[in-house]
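Hi,

Here is the structure I promised to pass on to you. Have a look at it first, and then read my notes below.

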Amino acid sequence: MTPPTVRATPADNSAHEAIASWFLGPKAENIQFLKDAFDSIVTDMQQSRLNYHPEDMVFVTSEVQDSAPFKNSMQKLKDLLTNLSSYMAVHNIPFYSPRYNAHMLADLTMPGVLGYLLTMMYNPNNVAPEASPLTSLIEYEVGQDLCVMLGYRRQPSAEIPGDNGPYGWGHITCGGSIANLESMWVARNLKYYPLSLRDAMAPGAPFSYIAPTFKVQLCDGTEKLFTDCSVWELLNLDVATVLDLAPRLTSEYGMSSDYVQKVMADYIIQTVTKEKLDAKYGIEKKPQYFVASTKHYSWPKGAAITGIGSENMIDVQLDNRARMDVNHLESLLEDCLSKQQSVYAVVCILGSTEHGAVDPLADVVTLRTKLQARGMNFMIHVDGAWGGYFASIIREIPLARRGTDEPIDTYVPEMTLLPHTKLQLENLQYADSITIDPHKSGYIPYPAGGLCYRDGRARYLVTWTSPYIDFQEEGVQTMGTYGVEGSKPGAAPVAAWMSHEVIGLHKEGYGALLGESLFTGVKFYCEWATMADEDLLVVPFNMLPAETTTGATLDDVEAQKQFIRDRILKPTNSELVVDDEAMQLVSQLGSDLMINAFACNFKIDGKINSNVSEANALNSKIYEQVSVLSVNDVVTDKDIWVMSTSLSQGAFGEALSNFKRRLGLEGDEDLFVLVNVSMSPFPTEANFVNTLADSFKSIANRIIQQSCIPRNTVVPDYHTFIMQGTDKVHLVALPVFQMANFRDQVIVAADIPDDILQAYATARAENPNVVFTLSTASEMTMSDILSTGTFTANIDQGLPPSRASLSDPTQTHFQTNVQVSNIRVIKNRSLDSTLLESTYPNQMPFYLYGTRKQQHIDHVLLCSPNVQLTADQVTLTIDPDSGIYEPGFEQELAEGLVAVLDDVREVVMQPFDSNHQPSFFAPSVTFRVSLHRDSAKGPVAGIASSVLARATLVLGSCVYTDCDLINRDLTTPADQSGNLVVSGASSDNSKSTAAEALKQFIAGTPSLSTASKTADSARTTPLLAKTVPSTFKVGDAQVADRYGGGGKYDGNSRNRARRSAWKASWETAVGRSS
C-alpha cells in the first residue's frame, strides 16, 4: 500500500487537506463541486428573474425560440463557444499545474471564481451605490479586512468618544499600477495641501479671519502659528497633522464641512496646478520620491502622469539581496535636508517582482522618526502588490471565527518566513499607504488590485472634496468616488470577499496556503543552489548562508550544498520536518518572499565561461524552451515553466557584480536571468519539485551541448569572402556574431592566378552590380588561413547557394580550385562581445583600404546586432584644402584608414533587420567623410582624434549589405530528438496548421484551402522566424546552413553587450554617441 503523502507539518495533514478544498485541483479533482455550484448560480439567477414582477409577460416566447433566425444565432453561439473553449484548453498557459512556476500566476481559488461568476451575471458597477448597493458594501468590507490583515485599525461603525484613530480604509482597484498611481496622487496632494490652506487664509481670503489664532504642530513637535510657518515647515507637516487641518476648521471654528469644501476647491492643487503653487512659493527644488532600483515600471509612469516627473523618482541602491540599501537612502535624505528639498514619500517594496526582496521597512520607519525631530517628514508607502497577503502569516484567527475544535498549527507558515521578512510585516502598521493585489498572492481573478490607507481620511485627497471626517454611511457606500477609476466591476471585490470568508486572512487560512507555497519556493531554491553537472553551472541570486559567513571557504560552501542534497532534498517531507538541524537551515534559505532568481552558465572542457553575453544566450534559450512566446508554441510540449528578466548593471550595482562573480562571469553587461515563482502548494508532494528540476536540468544540458559549446568552439569550417578590386584582390570575410568560427572582422589582400584574375575582371565588367564571393574549398579555421597565407578556393557569382555546394565536388562554380596566396592582413578584429561597444556610434565609421587606383570600404562593426556594409571601387575625392599628404597616401591605404560618414547617424538607424533595411547604402550614393588613422591597439576598435583629411566619397556599382546572416545563430535549441528547432516556428506541419486555424478563427475568416493557408502563412510569418531543414555536422555539433538562411536571427537586445565606455579605446568622442 502506498503511504499517504505527508506535508511539511509536525503532526498531520489537516492544513493541506483544507487547502486542497480551496482549488479546483491540478487535475480538476473538485470538478463536480464546481459544476454543482455553476448550476446553482444559474438556477438562482433564473429564479430571481422569475420572481421580479411575476405578473409581467414573457418576452422571449416559444414561438420566437422556434424561429429560424433565433436558432441560427443560437447555433452560431454554440459553435463559437465550442471552438473557443477547445482553443482555450489547448492554448492557454496551465497556471493551475504544479509544473507552472513562472509568473505570479496560479490556479484561482474556487470561492474567488464562484464569487466572480455569480456577480458577473448581475454586472453591478461599483462606481456608485445606485448601480451596486450590495457589492459596494462588500467592497468596503474587503477594504476593511485587508486593512486589519496589514495591521491597520478597522473603521468603527460610529464615532468613539476620545478615540481619534487613525482608522484604515481600503478599496479595490483594477491593479497594482493604478493603486500605486493613486498613492502618488495622494502624496502629491497632501504635500501641497498646507500651502493651499495658507492661500485660503491670506488677507482678503475666506479664512483670513482665523489666521491670527490658527496654530499647527510641526513635525518636530513644536507648535507654531500657521501663517508664521515657513514653506519648508508647511511642506514637512506630519501626515495626520495635514489630514486634521480641514476637520479642525469644523471642530474649532464651527465651519460646516460643505463650506470648507466649497472654499478649498478654489485653492487646492487639483484646481490651481502644482506649477502655480511652485512658482508662488518659490519651490525651485522639486519634491522627490525615493524607491529602490528594483521598482515596478508603474512608478515612473505614475510620476509622469501626476506631474511629479520621472526625473524626481530617485533610485536607491541595493544590497546583495536586492533590498533597499538604507545607508544610501539616509545619505539621499540627508542631502535633501541640507538643501531643504522636500520629499513626497519613500516607497518600500514588499516582494520585488524579480527576486521577492523585501525592503527594510522597519529601518525606514526609524529613519523617518529621526528626521522628523530635525524638521523633515515624508510619507511611507509600501508596494505590497505581491507581498501584502503574506501578512496573513503573522495574523491570528479572529476569536469570532475560531471554532472550538479547530487545530492551531503554525509550523508550516513560520518554517520558511525569514526573520527579516517577519519584522517588515510587523511594521506594515506604520506605513501610510499600502498597495496590495488580491489577483496576485490572493489567488483572485483579474482585475483585483487594492490600496489601503493607514488613515482613511487620505482618500478625500483624491476627490474634488477637501479632507474631513464623516462617520455616516457615505464612506461605506460610495466606493467609486475615490481614486483614479470610474466604472469598475462589482465582481472583483465579491471574488475577494468570498475567498477571504472561506479561507481566512490569518495564519491558518491564507497564511497556511502561502506558507506551503513558501516551502515549495525553498525546495526550488535548494534545487537551483545544488544543481550542477559536467558542463552546467546553476547559481541562485540569493547566497547560501555559508557564502555569507566570514572566513568561509569554497569547501565550506560545497559542504553546505552536499548537506542540502542529503538532508533537505533527498528525504521525504515527513523525514525532513523532524530533522531539527536541516529545518534550522531551511529557515535561512531562499528569497524573502517565494521568488527565486537564478542563472545558468556553462563549461567547455572543464573551463567556466566568463563571457556575460554567452551566458545571456544560454539563459535566453532555456527561457524559450520553458515558456510560450507565440500562439504557434504548443503548451503541452512544456515540462516546466519559468519566467525571465534582465538585471541592469546600473540599477543593481555591486549586487549584480557579486552575482556574476559567483557565476564565473566577467564584465559589466546586464545579465539575463531566470525566475521561478512557486505559488502552488502541491509540488512538494512526493518530491515533485525534484522531477521538475530534473526536467530543467535536461533542457539546460541539451542547449549547452547543441548551442553553447559549438557557438564558442573554433573548429574547421568553410569561410566565404566578398571579393573587391580588380587590380589587387581584397577579401572581406562574412562574419557571424553568434559563432566563434566566424566571430572576426577580417580584411585581407591576396593574390590569385593571373588567368583567374583576368576572368574575374572581365566578368565584373560585364556584371558591375554582381557581388562575387570566394570560399575555401575545404574546412579550415580562420587562424590557419591567415597564418599559412594560402588556401584553395572556389569563386561564385553571389553567395554560395548552400553549404552543401561548397563540400560537393560536383557542384558548379564560376571558378574552381583557385589557389589563393600571399595573404596580407589589413584588418583582423575579434567580434567577441567583451570587445564590443555598449552603444552604436554617432556617425558611421568604415575601414578604407585598397590601392591608389582602387579604394574599398567595409563598415566597422562596433556593436551587436549590426549590419555588414561593403562597397568596392568607391570614388574618393579629397578636399583640396585639407592638407592631405600625397606621398604617404598609398601606404595609409595599404594599412587601412577609418572613413567616418559625417552626415550618417548610425545610432539613430540601428539596429537594422529584414523590416528595416539600410537603404541609404546604395550604388552611386554620395557621402561627406572625415579620414582618420586607425588607432586600434589589439582587438578593440579605435580611431585617432585628429582628422587627416575631409573628402567626398561616392559608392561604386557593387555594393553588399547584410543585416540578417551576420546576426544569425546557427545553433538554435534542439528538441528531445536532437533536431534543431526554433521556438515559435514548429517543424511539425500539423502544429503550424493548427495555429493558423486558430488565427483564422479569431479573425473570423472562413476556412481556407490548404494552398491558400500555405500562401497566407508565407505572407504573415516574419522572415526572422523561418527555419531551414538543412543542417550539417561541424565538429561534434549539428548546425544550420548559414548560406541557405538557416538558423535564427538573434538581434534581441537581451543578448546585446552593455558595458561602460572605458572598455573602448577610442581616443576622443569622434564617431561615438554620447
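**What I found**

Let's begin with Ala749, which sits in strand 17 (residues 744-751). Keep in mind that this is a predicted model. Is Ala749 buried or exposed? Its relative accessibility is 1%, and anything under 20% is called buried, so Ala749 counts as buried. If you leave out residues up to four places away in sequence, Ala749 touches Lys728, Val729, His730, Asn822, Ile823, Arg824 and Ile826.

Next, go to helix 2, which covers residues 31-51. Its 21 residues reach 30 Å from the first C-alpha to the last, close to the 30 Å expected at 1.5 Å a residue. Which residues of helix 2 are buried? They include Leu34, Ala37, Ile41 and Met45. These four lie on the same side of helix 2, because they cover an arc of only 70° around the axis. Here is the rule behind that sort of pattern: an α-helix has 3.6 residues a turn, so residues three or four places apart point the same way. Part of the cover over the buried residues of helix 2 comes from helix 5 (110-120). Just after helix 2, have a look at His53, whose phi is positive, at about 45°.

Helix 5 also has a partner in helix 19 (residues 491-503): their axes come within 7 Å and cross at roughly 145°. That crossing is right-handed. On the helix 5 side, the contact is made by Pro111, Gly112, Gly115, Tyr116, Thr119 and Met120. Helix 19 brings Ala491, Ala492, Val494, Ala495, Met498, Ser499 and Val502. How do the residues of this contact divide into nonpolar, polar and charged? There are nine nonpolar and four polar ones, and no charged ones.

Buried in helix 22 are Val557, Gln560, Lys561, Phe563, Ile564, Ile568 and Leu569. What covers them includes helix 20 (510-530), helix 21 (545-548), helix 23 (573-576) and helix 24 (580-586).

Now for some backbone details. Ala322 has a positive phi of about 65° although it isn't a glycine. You'll find Ala322 in the loop between strand 5 (313-316) and helix 14 (326-339), and at 0% relative accessibility it counts as buried. Gln873, not a glycine either, has a positive phi of about 50°. This one is in strand 23 (residues 868-878), and with a relative accessible area of 29% Gln873 is partly exposed.

Last, where are the cis peptide bonds I'd like you to look at? One joins Tyr446 and Pro447, with omega about -10°; Pro447 is in the loop between strand 8 (433-436) and strand 9 (449-453). Another joins Gln910 and Pro911, with omega about -5°. Pro911 lies in the loop between helix 32 (906-909) and strand 25 (926-933).

Cheers!

Notes
Residues numbered from 1 in each chain as written. Predicted model: local features only at pLDDT ≥ 70, side-chain atom pairs only at ≥ 80, totals over all residues. Heavy atoms only, no water. Helix = DSSP H or I, 4+ residues; strand = E, 2+ residues; numbered from the N terminus. Expected span 1.5 Å × (residues − 1). Buried < 20%, exposed > 50% of the residue type's maximum accessible area, 1.4 Å probe, protein only. Arc of directions from axis to C-beta. Contact = heavy atoms within 4.5 Å. Axes fitted to C-alpha atoms, helices over the stretch in contact; angles between N-to-C directions. Left-handed = near helix turned anticlockwise from the far one by under 90°. Nonpolar A, V, L, I, M, F, W, Y, C, P; charged D, E, K, R; others polar.
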